Amino acid sequence: MGIDLAQFHEAFFEESFEALESMEAALLKLDIGAPDAEVINTVFRVAHSIKGGAGMFNFADIASFTHTLETLLDGVRAGRTHLTTGVLDLLLKSVDVMRELLRAAQGKASFDPQRVADLQFDLEVAVAKNEPPTAGAPATEAAIEAAAPAAAPAEPHSPLWRISVKPLENMLSRGNEPLALFAALAEHGELRVQAFVDEVPALAAIDPHRCYLRWQLELRSGASEQQIAEAFEWVEGDCDYRITRAGSAAAPAAPAIPAPPPPARPAAKADAAPGASTGDAGSIRVSVGKIDELINTVGEVVITQSMLAQLGALVEGPSAERLRSGLAQLERNVRELHESVMRVRMLPIGFAFSRFPRLVRDVAQRLGKQIELKLTGEQTELDKTVLERIGDPLVHLVRNSIDHGIEKPEERLEAGKPPAGTVHLEAFHRGSAIIIEVSDDGRGLDCDKILAKARSRGLVGPAETPSEEAIFELIFLPGFSTADQATDLSGRGVGMDVVRRNIKSLGGKIDIRSARGRGSRFTISLPLTLAIVDGQSVCVGDETYIVPLVSIVESLQVKASGVNRLSNAGEVISFRGDYLPLLRLHELFGVEPRSRAVHDGLVVVVEGDGQRVGLFVDDLRGQQQVVIKSLETNYGQVPGVSGATILGDGSVALILDVPGLIRSTSRREAA
Amino acid sequence: MNTNPEKTAATEAATHQVLTFVLGEETYGVDILRVQEIRGWSAVTKIPNSPPHVLGVLNLRGSIVPIVDLRKRFNLAQAEYTAVTVIIVLTVRSEAGRRDFGVVVDGVSDVVDVDAAAVKPTPDLGSRAATDHIRGLVSIAERMVVLLDIDRLIGSQIVEPLESDAAAQAA
């Protein structure tokens, strides 16, 4: 049977990456002194399911590596290997290596075979070191499904489990082998199997791909229900099974009630999905494309609805009132529909925060600092695209906080602070924005040092005494660093400018507050979604354009005398003591304006990439939230335009790309 | 329109259905499978600095679709856009993926079955005329129909000049 396995690769990768994330989270939760068996089980299951998948898809590197990892974890689970910081480090490193291997298998990156081999060797050493020579081989092989502590032969007093197994139609065709299942169960103790053949049809009617048998099993074992259910992990969905406890020989429990085994779990449900991280299941995987289609369609419904509302207002007659109330009802429903569809794209920011416990641990270790990381508001939701792009700036800020902000323990003690510094990541909603704050209780920004640096580089004149805010602004300049010595973490001066640029590209902004000796706080404010922008409609001739509100500084009327020509370099206007280039939108876009005289129209002062220009337009219209549509899908990039949107009347308006417009003028001036 | 789906399926290999439309004096044809929809003219939003044959963009059920004037593209005399002017929305496939765009034509004529064997190659008109975008000529009811290869027609005209524009600006 030739099944093309490649079609399942994507799902395997996706699930594996998610599983690795939950594995990493679980490892970080582990308390060295008193490891939680449940957590170790989680980690083991992740390694196991990745190994299984990798084996199935012939990713030999991954399978071999995870096998070694699994052996070590099995040892930890069985208590043969003692969990030390060293072992934990190895496990965390394994997560990294597995990510690399997966990415390499995806064809997206390459991996360093030496590093993998080294780590695999270290893992093997760790296994060998703690493994008593006698207990070695069989347990390793038994890693198939074994819950190690129960692998010992069952004592006669162990409880009796009754398990009924009825394969569904597709169990065999999915490559599940009942015998292997029984073998796995047999490892828990003494197993008796009885097969029922009553459903087997006449020979001629047999479909060789189907399994007609069902079984009744009796397992005498000290294993928990959960451990037994683990054997069914691979056949979940392919067969019906029921595990009941029949009462033990020593203490016959009431047979009718399935006595709850120690870790009281109703069934294997939660464990059956090894990839599922936090949250109460009940989710499905949907491609973003499908969601976008849905959003498009709903957008259309919104437009149709507003068109109907306009028509409805004109209708007269006996049923007009009823029509209007129906339309009002429709409007409410459509608005709700629109909101819930937009929410589908939203994910909790916890996904972006999840990498920090690990990062903070590593960085703190390397710098010899004690850091306590506090995460708040992980459930705050924001758009998937924003979420994906906010990760790197946050990493940068957190690293900065640890490297520059938090002092060494001894320094902190001297300053009368607790030796461990706190880095706090917090997210919450404010209006239609999401606020993410990165704060620390470190030494704060050193205004004098920043100012001295800026003076030495000629950024600030010797006589100037900028305000505190203005000084903080300086650290966002490209190439600015106050670090006396660049470390491999931060201090090279490539950083804060990139952070700010990334945040601006998402339509957000970043502010700093800091108090010497008490710490600093970076506040990032981002739009909830990239699909919607707050815009100001402006018109030029017959055309309407949308200027993103975030880039508008001010709109003003300029007298004819306020415009000066600079020989052949274009026009400038005076604005709050500065001269700004004047861009005539009608000239840039080749549109016939209502008037070419500056005093007849309005100048919108816009800012982008730290530069300000005046945009000359005919008039301002309303402000509104608009849904951003791509022009590139069907057409292509248009200089000075970042996208398009559909207005209430169904017509299309272009959204201006302010930084792009500014760049195009500076290029023109340079030319 | 004499569409007949059953017949299409049966004779797929030998014939295919073509939507014909009129532009000035000439009749053109496009593969019916590439036609998304036919709609009346409505005002478009201009795109700054676009090639002259790109009239602008329209909202087509939520996506932004460029509209091309085939008269300008083929250097024909200009006509007025009226309420009876028709836009045919087509799909092209290029390396960049699927793109939808609309062409403005004088009027849609018919859907006809074209026998693959009846399609004649475009005669060599020398270097005067680019005929890359023409798949062939076919005679239907004694009229010559120019079969268009829309992938070539648009794939090479709406996208590429723009990208080279952008490149020229970046340089």
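Me: At roughly what angle do the axes of helix 3 and helix 4 of chain A cross?

Reply: This is a predicted model. Helix 3 of chain A covers residues 60-78, and helix 4 of chain A covers residues 85-106. Their axes come within 10 Å and cross at roughly 160 degrees.

Me: Are helix 3 and helix 4 of chain A roughly parallel or roughly antiparallel to each other?

Reply: Angles over 145 degrees count as roughly antiparallel. The axes cross at roughly 160 degrees. Helix 3 of chain A and helix 4 of chain A are therefore roughly antiparallel.

Me: Which residues of helix 4 of chain A make the contact with helix 3 of chain A?

Reply: Helix 3 of chain A contributes A:Asp61, A:Ile62, A:Phe65, A:Thr66, A:Leu69 and A:Val76. The residues of this contact divide into 10 nonpolar, two polar and one charged. From helix 4 of chain A come A:Val87, A:Ser94, A:Val97, A:Met98, A:Leu101, A:Leu102 and A:Ala105.

Me: Now the strands. How many bridges join strand 9 to strand 11 of chain A?

Reply: Strand 9 (residues 433-440) and strand 11 (residues 519-527) of chain A run antiparallel. One pair of bridge partners is A:Ile434 and A:Leu526.

Me: Which residue takes a positive phi in the hairpin of strand 10 and strand 11 of chain A?

Reply: Seven bridges join these antiparallel strands, including one that pairs A:Lys509 with A:Ser525. The hairpin has three residues between the strands. The residue with a positive phi, near 80 degrees, is A:Gly517.

Note on methods:
Residues are numbered from 1 along each chain as its sequence is written. Chains are lettered from A and ligands numbered from 1 in the order in which they are written. This is a predicted model: local features need pLDDT of at least 70, side-chain atom pairs count only at pLDDT 80 or more; totals for chains, interfaces and linings use all residues. Axes are lines fitted to C-alpha atoms, for helices over the stretch in contact, and angles run from 0 to 180 degrees between N-to-C directions. Helices (H or I, at least four residues) and strands (E, at least two) are DSSP runs, numbered from the N terminus. Angles under 35 degrees count as roughly parallel, over 145 as roughly antiparallel, 65 to 115 as roughly perpendicular and the rest as oblique. Two residues are in contact if their C-beta atoms, placed from the backbone, lie within 7 Å. Ala, Val, Leu, Ile, Met, Phe, Trp, Tyr, Cys and Pro count as nonpolar, Asp, Glu, Lys and Arg as charged, and the others, Gly among them, as polar. Two strands pair if DSSP finds at least two bridges between them.
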